[in-house]
Structure formats: C-alpha cells, structure tokens
Amino acid sequence: MNWKERLARWGIKRSPWVYHVNTGACNNCDIEILDVLCPRFDAERFGIKLVGTPRHADVLLVSGPVTRHTEQPLRDAYEATPKPCAVVAFGACGCSSGIFKDGLNVNGTVDRVIREEDPEAIITYVPGCPPRPEAIISAAVKTLEAL
Amino acid sequence: MSKSPEKKVIPFGPYHPVLEEGELFELTVRGEVVEEIYWKTGYNHRSIETIAETKTYDQICFLVERICGICSHSHPYGFVRAVEDLAEVEIPERAVYIRTIVAELERLHSHLLWMGLAGHFIGYNTVFMWGWKYREPVLDILEEVTGNRQHYATLKIGGVRRDLEESKYEKILDMLDDVEEKCRMLLEAVPEDPVLKSRLQGVGVLTEQEARDWGTLGPTARGSGYDIDVRRDHPHAAYDWVDWDVCVEESGDVYAKTMVRLRENMESIKIIRQCIDQMVPGPIENEVREIPPGEGIGTYGAPRGETFHYVASDGTNSPIRHKVRAPSFNNVPSFEASCIGEEIADVLLTLAAVDPCYSCTERSLKLTPTSSDERLLTPRQLLEASRNKTKELIDQC
Ligand code: SF4
C-alpha cells in the first residue's frame with residue numbers, strides 16, 4: 001500500500017459515504033437502512049451519509065439477491081465507485097441470496113458478482129433478515145476497521 | 001415569442017436517489033410538462049411463484065412474507081386464507097384477533113413510513129424524520145407481539161404461531177396511547193401546514209372515474225372518492241366484529257391520499273384497542289393435517305389495497321400453482337392518468353402518492369394473441385418434454 005492509498009483509507013474512516021444498490025431486495029433491508037439514519041439510531045452522527053451516486057461513495061451497500069436485471073447495474077456501480085471502497089453484502093439475501101436462491105431469475109450472490117469484477121474487493125457480510133439496526137451499526141464499525 | 005420547447009425524454013432510474021427499488025420511468029417532457037410516461041419494472045423479479053411451487057405449504061408462509069418487506073403480514077394473510085379456503089379450515093377466535101392486531105399494527109407502520117417518505121420527496125425532511133421517529137414505537141409493539149421488528153412470521157395455516165400473553169396487553173395499550181397522540185398531531189398539523197398544503201393540494205389529480213377505470217385499490221382509490229375497501233366489502237379477520245369506518249376523501253389529489261392514510265391510522269388504533277378488549281381465551285390454532293386437491297382464493301385488505309392469492313393443490317404437500325396479485329399491480333398503471341400534464345417536479349410526488357411497491361408488483365405475465373395457434377406448454381409439460389428428449393438422446397447413443 002503506498003502513501004496515497006493509506007491517506008485515502010484514513011480519510012474514508014472519518015466520514016464514510018454510502019451508496020445503496022437494491023439488487024432485488026424485498027424492501028425491508030432498504031427500510032432498515034433508512035431507519036438507521038433516522039432519529040432513533042441516527043447513524044448520521046458518525047458521519048455516515050447516503051449519497052445519490054456511486055461516484056461520491058466510499059461504501060457500496062448492496063441488498064438483495066442479484067437478479068438477472070440488476071447484475072449489470074451492480075457491476076457498473078462497482079466500476080463507478082472510486083477505489084479504495086468497501087462493499088457490504090446486506091441481509092441474508094445479499095450474503096447468500098437467502099430464500100430466493102433457487103429462483104429462475106436470481107443470478108447469484110453479491111460476492112460472486114463483485115469478485116468477478118475485482119478479486120481483491122473488501123466485502124463485509126451483514127446477515128439477518130432484515131439485520132437489526134444494532135447489527136447494522138456494528139457492521140459499519142467492522143467495515144471501517146477492515147479498510 | 002420563443003418557439004415552443006422541444007420534446008425531451010428524461011430517464012428516471014433504475015437507480016435514483018429517491019427510489020428505494022430499481023425501476024425505470026421515462027418521462028417525455030415538453031418544457032416542464034410531462035406528456036407521456038413509460039415505465040419498466042422487472043428489476044426485482046425473483047420468480048417467487050415458481051419457488052413457491054417447490055416448497056411445502058408451511059414454508060411458503062415464510063416465502064410470501066418476503067415478497068415485500070412492508071406488507072410482510074398481508075401476503076401471508078392472503079396466502080393462508082387461500083389455503084384455508086381450499087382446505088375448509090376454521091380459525092379459532094383468539095387467533096383471528098391476534099392476526100387482526102398484527103395486521104393493523106402493520107398498517108400503522110406502513111402509513112407512517114409513507115408519510116415520512118412523502119415528506120422526503122417534497123424536500124421537507126422534518127416530516128421524514130418525524131414520521132419515522134413516530135413509527136419506532138409501532139415497531140416496538142410489533143417486536144413485543146411477534147418477536148421481530150419486521151417479517152413477523154405470525155401466520156400459520158389454521159391459526160397463528162405465537163400467542164399474545166395477557167401480561168403484554170397493558171404495554172401495548174400504553175404504547176398505543178403514545179402513538180395515538182402523535183398520529184393525531186400529524187392529522188391536525190398536515191391541513192394547517194402551509195408548505196405541505198401548497199405542495200400537495202391539486203397535484204396529481206386522479207378523478208373518481210379514472211380511479212374506477214384503472215381499477216385502483218386501497219387509499220389510492222379512496223382518495224379519489226371511490227369507496228372501496230375489501231375489509232368492509234368482503235369481511236375477513238375480525239373486521240366485522242369491531243367498529244370502524246372506511247376513510248374516503250373526494251378531491252383525488254396527493255393531499256387527499258395523505259389525509260386518507262392519516263385518518264386510517266386513527267381507525268387502526270381504534271381497531272387494535274377493540275381487539276384487545278374483546279380478546280377471548282382459547283386455542284390459537286387448529287391443526288391442519290392434510291391439504292385436499294382443489295383450488296382456493298384468499299383476499300386481504302393490505303395497507304395499499306386488496307392483496308389476492310390463488311392456490312391450486314393436487315393433494316401433495318406443495319401447491320401446483322400459486323398466483324399473487326398485489327395492490328400495486330393495479331395502482332401503478334394509474335400513473336398514466338395522474339402524471340400526464342403535471343410538472344416534472346410534481347411527478348415524483350404523484351408517483352410516490354400511490355405508495356407503489358415494485359417488489360410486490362413484479363410478476364411475469366405472458367400474453368399470447370388469441371389468433372395464434374402456437375402450442376403453449378405449461379412448465380410441467382415443458383419439463384416432461386425435456387426429460388423425454390434426454391431419454392431419446394440416451395437411447396440413441
Ligand atoms: S434479507 Fe430478508 S429482509 Fe433483506 S431483502 Fe432479503 S428477504 Fe428481504
């Protein structure tokens with residue numbers, strides 16, 4: 001790791017910006033993500049912020065089994081995210097395609113798609129259906145540690 | 001005078017900061033005014049109906065819960081009613097009350113969530129934060145009653161999975177008092193708030209005739225003066241044992257839909273109170289040993305309208321066909337009536353006003369022209385055909 005990369009990683013840890021990609025989730029994971037940013041849990045006080053484009057993001061939050069239609073957009077989003085970045089495979093669906101594993105239209109897990117793009121990618125897994133807000137905050141801490 | 005602005009197409013999605021799910025809208029605009037709307041879904045299609053055909057009836061309850069995260073009581077409710085219709089099962093009274101309590105709590109959390117999101121869409125984030133903050137106690141009660149904040153896993157064919165202990169009644173009633181106060185505050189604040197009023201009134205009007213023509217359901221229809229509610233029209237759960245009103249507003253704009261939802265919150269609270277009051281002791285499930293061959297349908301009044309499930313059984317332990325029709329499937333096409341002629345800034349709000357849920361809507365459908373004499377194969381016949389072909393090939397070599 002050269003000094004530039006170290007500096008970038010140090011910078012990310014102060015205030016990670018998150019871009020959320022829904023790859024066929026059932027909505028519940030997405031709601032819990034928003035819920036964590038709302039007054040009860042308020043993850044924004046740690047500088048975690050949802051942004052509107054992957055080009056501004058440090059963390060790619062992927063919820064849902066990867067369906068056929070969303071595989072290419074997910075690849076594109078990963079491509080567009082400035083590196084170094086972390087990927088969070090969110091929920092049982094993100095980790096393993098969950099209950100939809102055998103679906104005709106489900107192309108596989110988040111890590112398969114991301115690893116095909118970049119074998120070195122940093123991927124955190126947050127199991128749960130949906131993960132509880134406390135688990136999400138703990139996952140955020142672990143993701144930052146991994147960076 | 002400047003010449004009239006030219007037509008442009010503005011794509012909106014599939015990933016857009018305000019859309020939670022992936023879906024694509026293409027708005028054809030002239031200047032600021034939307035002239036045509038084209039929409040494409042399919043990003044969330046997970047082939048749930050096909051997966052359901054490979055699972056047992058008990059497992060499907062968990063699967064249909066995951067059709068949509070917000071309606072995670074509505075879909076299983078539709079499904080268990082379809083199977084109960086098929087197997088002619090009676091539900092114990094206590095179970096019916098518990099089902100209704102969870103159902104109304106879900107409606108409460110869904111409507112508060114929508115209120116928050118609507119605030120977010122018009123850039124009024126205070127409403128967003130407040131709506132979602134007020135939703136938290138509801139989730140707490142749900143956790144208390146069912147064991148999880150979302151995906152409650154309460155329903156089971158023949159009854160419910162968990163009993164509601166009497167020691168919890170007090171706690172639930174206390175939390176309801178708290179939520180009621182906040183819902184009343186919202187109900188009073190929205191008509192008085194000048195920002196909300198000017199932003200919501202007269203936007204995205206869907207007339208009553210259009211609401212009927214497009215077959216809309218739920219608050220979308222009721223906001224346009226179309227008095228339809230499956231909870232009253234085809235009573236199920238405990239809805240005909242308690243006293244409640246169907247909320248209807250006449251004006252058809254986003255404001256009317258907001259008011260319908262806010263008023264429904266108060267009705268939900270009323271229903272839950274009565275259910276707890278009238279709760280009878282007794283068993284919580286009737287054991288179902290066998291599902292006979294046949295067909296069954298189940299409807300349920302979800303927060304967004306009527307959910308419909310159809311189940312066909314051949315007497316084995318998994319269905320041969322399971323069909324789901326979610327309310328958004330009817331409500332989403334009404335965009336073509338309500339968005340045309342709106343300004344582009346209002347379209348987003350109009351889209352959000354029907355509370356669309358795309359993960360519910362994603363069912364694939366095959367249309368065949370009636371004149372075609374092409375052979376149509378069911379998945380089973382297709383499987384059979386492919387097996388025969390393989391056999392032939394093996395025999396040949
Ligand atoms: S993990 Fe569960 S809650 Fe999350 S998208 Fe999948 S089914 Fe829905």
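**View 1. The interface of chain B and chain A.** In this predicted model, chain B and chain A bury about 3,200 Å² between them, and 58% of that area lies on carbon and sulfur atoms. Tyr15(B), Glu20(B) and Arg46(B) together supply 21% of the area that chain B buries against chain A, which is more than any other three residues supply. Counted by residue, 40 residues of chain B are in contact with 37 residues of chain A.

**View 2. Polar links across the interface, and the side of chain B that touches chain A.** The rule finds six salt bridges across the interface of chain B and chain A, and the side chains of Asp35(A) and Arg149(B) meet in a salt bridge at 2.6 Å, N to O. Across this interface there are also 12 residue pairs in polar contact. On the side of chain B that touches chain A, at least two residues each come from helix 1 (48-52), helix 2 (57-65), helix 4 (93-121) and helix 5 (125-146) of chain B, with helix 5 giving the most, 10 residues. By class, this side of chain B has 18 nonpolar, 10 polar and 12 charged residues.

**View 3. The shell around the ligand.** Residues from both chain A and chain B surround the ligand, so the site is shared between chains.

Note on methods. Residues are numbered from 1 along each chain as its sequence is written. Chains are lettered from A and ligands numbered from 1 in the order in which they are written. This is a predicted model: local features need pLDDT of at least 70, side-chain atom pairs count only at pLDDT 80 or more; totals for chains, interfaces and linings use all residues. Side-chain values use heavy atoms; hydrogens and water are left out. A residue is near a molecule or strand if one of its heavy atoms lies within 4 Å of it. Contact means heavy atoms within 4.5 Å. Buried area is the accessible area (1.4 Å probe) that two parts lose on being put together, summed over both. A salt bridge is a side-chain nitrogen of Lys or Arg within 4 Å of a carboxyl oxygen of Asp or Glu. A polar contact is a pair of N or O atoms within 3.5 Å; within protein, one must be able to donate a hydrogen and the other to accept it, and residues adjacent in sequence count only if both atoms are side-chain atoms. Helices (H or I, at least four residues) and strands (E, at least two) are DSSP runs, numbered from the N terminus. Ala, Val, Leu, Ile, Met, Phe, Trp, Tyr, Cys and Pro count as nonpolar, Asp, Glu, Lys and Arg as charged, and the others, Gly among them, as polar.
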